Amino acid sequence: MKIILASGSPRRRELLAEAGVLFEVIVSPAEEIHDASIPLSELCEKNAELKAEAVAVSNADAAVIGADTLVWIDGEPLGKPKDMDDARAMLRKLGGRSHTVCTGVCVIFPGGVVRRFHDLTAVHFLPLDEARISEYFEKANPLDKAGAYGIQESGELIVDRIEGAFDNVMGLPVAKVVEVLKAGF
Ligand SMILES: Cc1cn([C@H]2C[C@H](O)[C@@H](COP(=O)(O)OP(=O)(O)OP(=O)(O)O)O2)c(=O)[nH]c1=O
């Protein structure tokens with residue numbers, strides 16, 4: 001079965017390739033929704049489905065994978081920062097506290113069967129002063145990442161501990177993705 005990852009995220013590509021899956025990449029043109037009135041897990045799964053659908057429509061012979069990662073704090077989703085000021089504001093908000101990272105995944109199989117799921121990870125941040133935030137931004141690029149951080153890029157500067165899966169924070173809960181692909185439809 002042909003597999004397409006409908007994502008421009010280099011982290012997702014890396015995680016899926018490391019799991020031994022052979023796939024093509026087609027970046028999805030879908031627009032994400034960031035609506036705080038929709039429950040977090042529903043929102044992530046819905047965005048994942050929009051991304052997968054936009055690619056599946058012209059690739060009916062493939063299993064198409066879409067994913068969406070959101071950082072959730074104070075009852076609101078944080079997507080990617082608009083600019084460095086926004087990135088700094090996000091890390092000020094996350095510092096010294098805990099938040100939830102949700103990655104929603106949608107696989108659309110040939111024939112149109114849709115499988116959706118999500119995984120949640122609790123991330124506990126260290127207290128962050130302005131100097132620490134600046135130090136972090138020297139080591140990692142926050143602009144293409146939800147919540148303005150990458151746990152895989154010098155994460156030890158900002159993260160105290162996590163409860164749940166590391167790869168889910170990076171953008172793809174790979175074990176479950178592989179399980180769903182193997183089950184097929
Ligand atoms: C929280 C966190 C997010 N991220 C990344 C994963 C995702 O690439 C990004 C969240 O944005 P997404 O909108 O989920 O994904 P994307 O726009 O990068 O790619 P696409 O929509 O084409 O699939 O943030 C990390 O790399 N590390 C982290 O610790």
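This is a predicted model: local features need pLDDT of at least 70, side-chain atom pairs count only at pLDDT 80 or more; totals for chains, interfaces and linings use all residues.

User: Which residue does the UniProt annotation "active site" cover, and in which strand is its place?

Analyst: According to the unreviewed UniProt entry, the annotation "active site" covers Asp-68. The strand that holds Asp-68 spans residues 62-73. The element asked for is therefore strand 3.

User: Is Asp-68 buried or exposed?

Analyst: The relative accessible area of Asp-68 is 1%. Buried means under 20% relative accessible area. Asp-68 is therefore buried.

User: What share of the area that the ligand exposes when taken alone does the protein bury?

Analyst: There are 20 residues around the ligand, and Ser-7, Arg-12, Glu-32, Lys-51 and Lys-80 come nearest. Oxygen atoms of the ligand lie 2.6 Å from a polar side-chain atom of Arg-12, 3.3 Å from an N or O atom in the side chain of Asp-68, and 3.1 Å from a polar backbone atom of Ala-146. Taken alone, the ligand exposes 600 Å², of which the protein buries 94%.

User: How is the aromatic pair of Phe-125 and Tyr-149 classed, and how many residues apart in sequence are the parts that the pair ties together?

Analyst: The ring centres of Phe-125 and Tyr-149 are 4.9 Å apart, with 75 degrees between the planes, and the pair is edge-to-face. Both residues are buried. Phe-125 lies in strand 6 (residues 114-125), whereas Tyr-149 lies in the loop between helix 4 (130-139) and strand 7 (159-163), so the pair ties together parts whose separation in sequence is 24 residues.

User: Why does the pair of Tyr-136 and Phe-137 count as tilted?

Analyst: Planes under 30 degrees apart count as stacked, those over 60 as edge-to-face, and the rest as tilted. The ring centres of Tyr-136 and Phe-137 are 6.2 Å apart and their planes stand at 55 degrees, so the pair is tilted.

User: What is the relative accessibility of Tyr-136, and what is that of Phe-137?

Analyst: Tyr-136 counts as buried at 0% relative accessibility. Phe-137 also counts as buried. The values are thus 0% for Tyr-136 and 15% for Phe-137.

Technical notes. Residues are numbered from 1 along each chain as its sequence is written. Side-chain values use heavy atoms; hydrogens and water are left out. UniProt positions are given in the numbering used here, feature names are shortened, and annotations may be inferred rather than shown by experiment. Helices (H or I, at least four residues) and strands (E, at least two) are DSSP runs, numbered from the N terminus. Buried means under 20% relative accessible area, exposed over 50%, partly exposed in between (1.4 Å probe, protein chains only). A residue is near a molecule or strand if one of its heavy atoms lies within 4 Å of it. A polar contact is a pair of N or O atoms within 3.5 Å; within protein, one must be able to donate a hydrogen and the other to accept it, and residues adjacent in sequence count only if both atoms are side-chain atoms. Accessible areas come from the Shrake-Rupley method with a 1.4 Å probe; for residues, only the protein chains shown count as cover. Rings of Phe, Tyr and Trp (its six-membered ring) pair if their centres lie within 6.5 Å; planes under 30 degrees apart count as stacked, over 60 as edge-to-face and the rest as tilted.
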